[in-house]
Structures are given as structure tokens and as C-alpha cells.
Amino acid sequence: AATLSPAASGLKGVPTIKGMSAGNSYLGVRGREDLGGGLRASFQIEGVVLIDNGSAAGFSWNRNNFVGLDGGFGEVKLGFMDTVFKEYGDTLGILGISSGTPVSSSNILRKVGFGTNNAARFHERRANSIRYDSPEFSGIQAAVQVASQENPTANLHPAKTFSLGVKLDKDAFYAALAYELHTNWFGGSVNAPAAMRNNGATERVTSKDTALQATFEYRFSKAHRIEFDVIKKSYDEGAVVANRFQTYKNTAFMVAYDGRITDQVRVMAHYVKSSAGSCTRLAAVCSTAGLEGSQLTAGVSYTLSRRTNLFAVYSLMTNGASARFSASDFGAPTPGEDVRHLLAGISHNF
């Protein structure tokens, strides 16, 4: 096993199971008010509806929620919302959805393979966010976002997120460059074995996790689109005790296609690959052997109306001997365990 991964047990972490998932079923309300002089106020509240099991916790305001002002200067929003980094990349998705399902590309593209904690993932909504989106000039737009936790401790400053990007969206071409910085999220530590972690240490240790992302999309027509994403991630912690986590770096990429074969039949596919990367520990050897992973997904949908379609999707997530990339709603894989999904369902929008 790689240094940052637990030893492989030879047991399944994800059972063979038939289940139902509705993680992208949601309901929301949004509105705008004209304040005069080109100024408008806006709001949005949105939450997941777990229609598959009707649990008591089946509705929660846990999606993009904000209040804002927009005008000739652009738009300012305050609230709980997707980061710029998340929004500017992975534009196609499967069935137009890039997260929240077992076949989402973000499960490999935007996280590490040696743990299952999302503190290392660059695909999140952030609480206490302030976001500014510039006006659009000839298809070019920029955005910047700052978010902070509100829970300082004796040893650590609150975790913060800084996310920014610029995009060009014009005619047949889309291109975006985005950058995100996490301070004191300890994305490396919380996914490493307990003895290597810095986040619970009495020493005043800080962390700096960064990601740089480039996205390109080309639309051959309204019916056929391709996308390419590449992301370089880096996790850096100021370890002061021997053997503890210091750094991890890796690169991941994705190619995707979405197209209509007929007016009613739509096909989509993506291939995602993450490298094993490199790592260091303070005064100790660190190996990343087997931390690579990949995901191949293909699907088809059949349109019944403008708002309703039937779909089927197959996905294979292949983990290296030490990796634990996870896409399952039914458990986290053990090191080296591959995960296969076959999904069929109904999509209805209103």
C-alpha cells in the first residue's frame, strides 16, 4: 500500500446491492426585484428532496442559497453557494449533472484517492460566502469568491476558501481557467492515517491546499459537444513532527461527450483519470504507489417530452492497488476495490 493509504484488507467495502438514489432531486424558489436605476435585488433558496425514502430529514436547505444585488457593476451575492472553481469546470456532466450521483466525474477529478473525506475535494459549496461576478464583455466574464468558517480554536485559525476564475463563453467555444485555495482545511491530513495527521496536533500547524483548473468545451452544433478538463492539485502542511504528512501533489484530466443521435435519443460519456502523484512526510519516506484511479461512464436517455426523459447509465471506477476513490451511495471502497454501477431512472423537470 502507499504510505498515505491504509493496508488493503481483501474485503469489500461496497456490497453488491440494488438500491434507489435521488440525490439530485431538489426544489427551490428564486426571484428578483427591480430597484430602479438598473439595480436589482435577487434571492434563491434551494434544497434536496429525498423522494426515494421519505425520511424525516428528507428536505434540507443545503443547495445554493443566497441574496444578492446586480447592476451595471456585475453581481454580488452573500450566502451558501457553489464555488467559482466548481461552477467554471466540468460543464457537460452526465445528463447535465456534474455532482451528487454515483457517476459524477468529480469523484475522481477533484479529490484525492487516499481517503474519503471531502475536505480534500475542490467541488464544494461553501458557507458564509461572498461572491462577485463581473459584467460580461464579448463573452468574457470573471468571478471571485471568499468563504470562511466561524470556529477558530486555540491552535488553528478558521478554515477559509478563496476561489476565482475567468471564462470565455461565445458561439461554439467555451474556455475557463480557475484557481482555488483552501487554508486550514487539512485536506491531506484528514485523509491520511491518524498517526500522520497535523489537524489535531497541539502544535500550531497550518495547511494550504490549492488547485488550478483549465476547461475547454467545443460545440460542433446544438446537438454535439465535447469537453476537456485538466486539474493540478497540491496539498501542503507545515508539519513539525517527524513522520507526519507534509505534501501531496497530483494531476487529473477528463474528456467528455454529449450529443443527440435523434430528436429523442441522447448519448453521453466521459473518461476521467487521476495520477498517483507524489508525496512527502517530515523526515520519513512517502510512497504513492497505487494511488491512481480512473472512471469510464457511458449513458443514454430517451426523451418523452421537453421536461421528461428515461435514462440508463453504466460506470466503472477502477482504483489502483492503494486508492479509495469512491462513487457509491452504499459504502466506501477499501484500498484497491473497483466499483461498478448500472443505473436506470426517470428525470422530470418543472
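Residues are classed here by relative accessible area, computed with a 1.4 Å probe over protein chains only: buried means under 20%, exposed over 50%, and partly exposed in between. The structure is a predicted model, in which local features need a pLDDT of at least 70 and side-chain atom pairs count only at pLDDT 80 or more, whereas totals for chains, interfaces and linings use all residues. Residues are numbered from 1 along each chain as its sequence is written, and side-chain values use heavy atoms, with hydrogens and water left out.

By the accessibility criterion, G72 is exposed, because its relative accessible area is 72%. G72 belongs to the loop between β4 (65-71) and β5 (74-82), where helices (H or I, at least four residues) and strands (E, at least two) are DSSP runs numbered from the N terminus. When residues up to four places away in sequence are not counted, G72 touches G38 and P135, contact being defined as heavy atoms within 4.5 Å. G72 is 61 residues from L11 in sequence, and the C-alpha atoms of the two lie 58 Å apart in space.

Q141, in strand β7 (residues 140-148), is by contrast buried, because its relative accessible area is 17%. A polar atom of the Q141 side chain lies 2.8 Å from the backbone oxygen of S134. With residues up to four places away in sequence again not counted, Q141 touches Y88, D133, S134, P135, E136, G165, V166 and K167.

Strand pairing, which requires that DSSP find at least two bridges between two strands, is described for several elements. Strand β1 (residues 26-36) runs antiparallel to strand β2 (residues 39-49), and 10 bridges join them; G36 has L39 in β2 as its bridge partner. The hairpin of β1 and β2 has two residues between the strands, and G37 takes a positive phi near 65° there. Strand β10 (residues 207-219) pairs with β9 in the antiparallel sense over 11 bridges, with H182 standing opposite D209 in β10. β10 also pairs with β11 in the antiparallel sense, over 13 bridges, and these two strands form a hairpin with four residues between them; the bridge partner of Q213 is I231 in β11.

Nonpolar cores were identified as sets of buried Ala, Val, Leu, Ile, Met, Phe, Trp, Tyr and Cys residues joined through side-chain atoms within 4.5 Å. The largest such core has 37 residues, and those with the most contacts inside it are L4, Y88, F114, Y235 and Y248. At least two residues of this core come from each of α1 (84-88), α2 (106-109), β9 (173-183), β11 (224-237) and β12 (245-260), with β12 giving the most, five residues. Another core, of five residues, lies apart from it and includes I94, M268, F311 and V313.

The structure holds seven aromatic pairs, for which rings of Phe, Tyr and Trp (its six-membered ring) must have centres within 6.5 Å; planes under 30 degrees apart count as stacked, over 60 as edge-to-face and the rest as tilted. The rings of F85 and F122 have centres 6.0 Å apart and planes at 50°, so this pair is tilted. The pair links distant parts of the chain, with F85 in helix α1 and F122, 37 residues apart from it, in the loop between α2 and β6 (125-133). F85 and F122 are both buried, and one aromatic cluster is formed by F85, F114, F122, Y235 and Y248.

Methods: A polar contact is a pair of N or O atoms within 3.5 Å; within protein, one must be able to donate a hydrogen and the other to accept it, and residues adjacent in sequence count only if both atoms are side-chain atoms.
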